[in-house]
Amino acid sequence: MQTTSAGRSSIVGERAPIFWGACAAICAGVLLHLPMLAMAHRMGNHLVGMKMDAGMWIGMALILVGVPAAIYGALPKQRAPHDSHAGTSYEAPDSTPLTRWHAGVLLVLTVGLVIDVMKPATLGFVLPGMSAEYGISKATVAWFPFSALVGTTVGSFVWGWIADVYGRRVSILLSTILFVSTSICGAMPLFQLNLLMCFMMGCSAGGMLPVVYTLLAEIMPPKHRSWVLVLVGGTGLVGGYLAASGAAHAFEPVFGWRVLWLQGFPTGILLLLLARLIPESPRFLAEQGCTWELAEMERKYGIVPRAREKVPADAPLAAQRHGRLTAALVITALSWSFVNFGLLLWLPTDLQQRGYSSALASGIITSSALIALPTIMLAAWFYSRWSSKWTMVGTIILTLAGLVGALLPGDVLRSEAVVVTVIALLIVGSNGMIAVLLPYAAENYALGIRGRATGLVAGSSKFGGVAVQAFALAGFIPTLGGAALALLGPMLLSAGLVGYAGRETRGRSLRELEAGTA
């Protein structure tokens, strides 16, 4: 963002005409795919075997030209001059109240997370229809979620790096543009093209989550930062899954599975239109000479230049153990991903093999959705009122207890009450873990590397899904006990490492947390 001649700032700086022109080309490219989809709707919503018409070829060309042009138009002419060790120099005082401007940012970023989570959450709903239309086996269709999860893992790293080098808002804008572009996944007549577009969709979806946490950490008053990070992130995650299931229920029976990808077009455009309500991190504004927007940040959010904090008493120990904390967060993220994408995913099948009814087995997913939001609210309360570090450890221990329960003897697990208790521990623990993991990561790293560090942890939380899909492609699906046994060690290690190397962040300013460790 650069200050314009009128003294006001543009969300994409001096190359705004190029950026918005590229956005228009991308939108036209997506719209040119719709006539063929309308034709397919009259033929049972099937596109397989149909030749791409001239409009689709032109549309793809517009998108292929528009995406790199949008990237060029959005990126500042120069990288941010600070290095990886740069710290926070602008922050709101602890006494700053939340205003309507804070509420607007929270609403927009929550909507952004809901839209972002919808794409990967839609995978489970499109696989049956895709498999039937293309006439492919379950083993072949498994490449579809595999490519998406690889994309989300890669996207977490890439967008985190862009956020540190060029700015938080630029990263959000670019991931949104890619999000809009990949909505044509639903119009691809070939399965191989679907795989490619699904990978690109995953790349766009993987970037929003870590950057949103990074930006929120830098604009919220320290007093409110902890609960806001947990609640917004958790609500976005739950909302995305609920929105995906709601869209599948409302549209798929009439328009087929392809329409679930096309919903990325209007929702992505909505996020682009709301982008002016998303602020940039103040240090980037200062380094780019955006004096007007800095003044607006002070007026709206109470963010002002702040002097360095004195080095707190725990800084030397925190600096000494920081490498171990990074290892702890990565191991925690990996452990969570294997529980969420592996153990809980395989659980219904394992229960049915144990003789439980399909109603109990399928009810696990419903229970997970119902328990998720109250769990997130409880996690936000404990995280902001009690302890950020020990809330993190506590959620790991709850999940660990569920894993131990899964290892109970078979005759004990024949009791439905015992099984429900074990499942509840796994669901509550894993929901709590992911609700506090990325907020805790965002608070523990200096401004210059915060995006990359949070992206590393976010990418690690997706990697388990990649590994699980690879296992499925190889025909290897472990039992509940086998998966629990394999995860017991990493989960115990992560709890010990966070307890040893973790630092209390609750209610502390980012400047204090960075002092002596940045």
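R508 counts as buried in this predicted model, with a relative accessibility of 13%. Its salt-bridge partner is D314, and the closest N and O atoms of the two are 2.9 Å apart. D314 counts as partly exposed, at 28% relative accessibility. This pair links distant parts of the chain, 194 residues apart: R508 sits in the loop between α21 and α22, while D314 sits in the loop between β2 and α15.

Now let's look at some other pairs. A search of the whole structure finds 15 salt bridges, and the table shows three of them.

| Salt bridge | N to O distance | Relative accessibility |
|---|---|---|
| R508 and D314 | 2.9 Å | R508 13%, D314 28% |
| D164 and R452 | 2.9 Å | D164 2%, R452 28% |
| E296 and K300 | 3.7 Å | E296 15%, K300 19% |

E296 and K300 both lie in helix α14, 4 residues apart, which is about one turn of the helix. Each of them counts as buried.

The salt bridge between D164 and R452 joins two helices: D164 lies in α7 and R452 in α20, so the pair ties together parts that are 288 residues apart in sequence. D164 is buried, whereas R452 is partly exposed. Both residues also belong to a network of salt bridges that includes R168, E218, R450 and E514.

How do these two helices pack? Helix α7 (residues 143–165) and helix α20 (residues 450–473) meet at an angle of about 170 degrees, and their axes are 8 Å apart. An angle over 145 degrees counts as roughly antiparallel, so that is how α7 and α20 run relative to each other. Their contact has 13 nonpolar, 9 polar and 4 charged residues.

Notes. Residues numbered from 1 in each chain as written. Predicted model: local features only at pLDDT ≥ 70, side-chain atom pairs only at ≥ 80, totals over all residues. Heavy atoms only, no water. Axes fitted to C-alpha atoms, helices over the stretch in contact; angles between N-to-C directions. Parallel < 35°, antiparallel > 145°, perpendicular 65-115°, else oblique. Nonpolar A, V, L, I, M, F, W, Y, C, P; charged D, E, K, R; others polar. Salt bridge = Lys/Arg side-chain N within 4 Å of Asp/Glu carboxyl O. Buried < 20%, exposed > 50% of the residue type's maximum accessible area, 1.4 Å probe, protein only.
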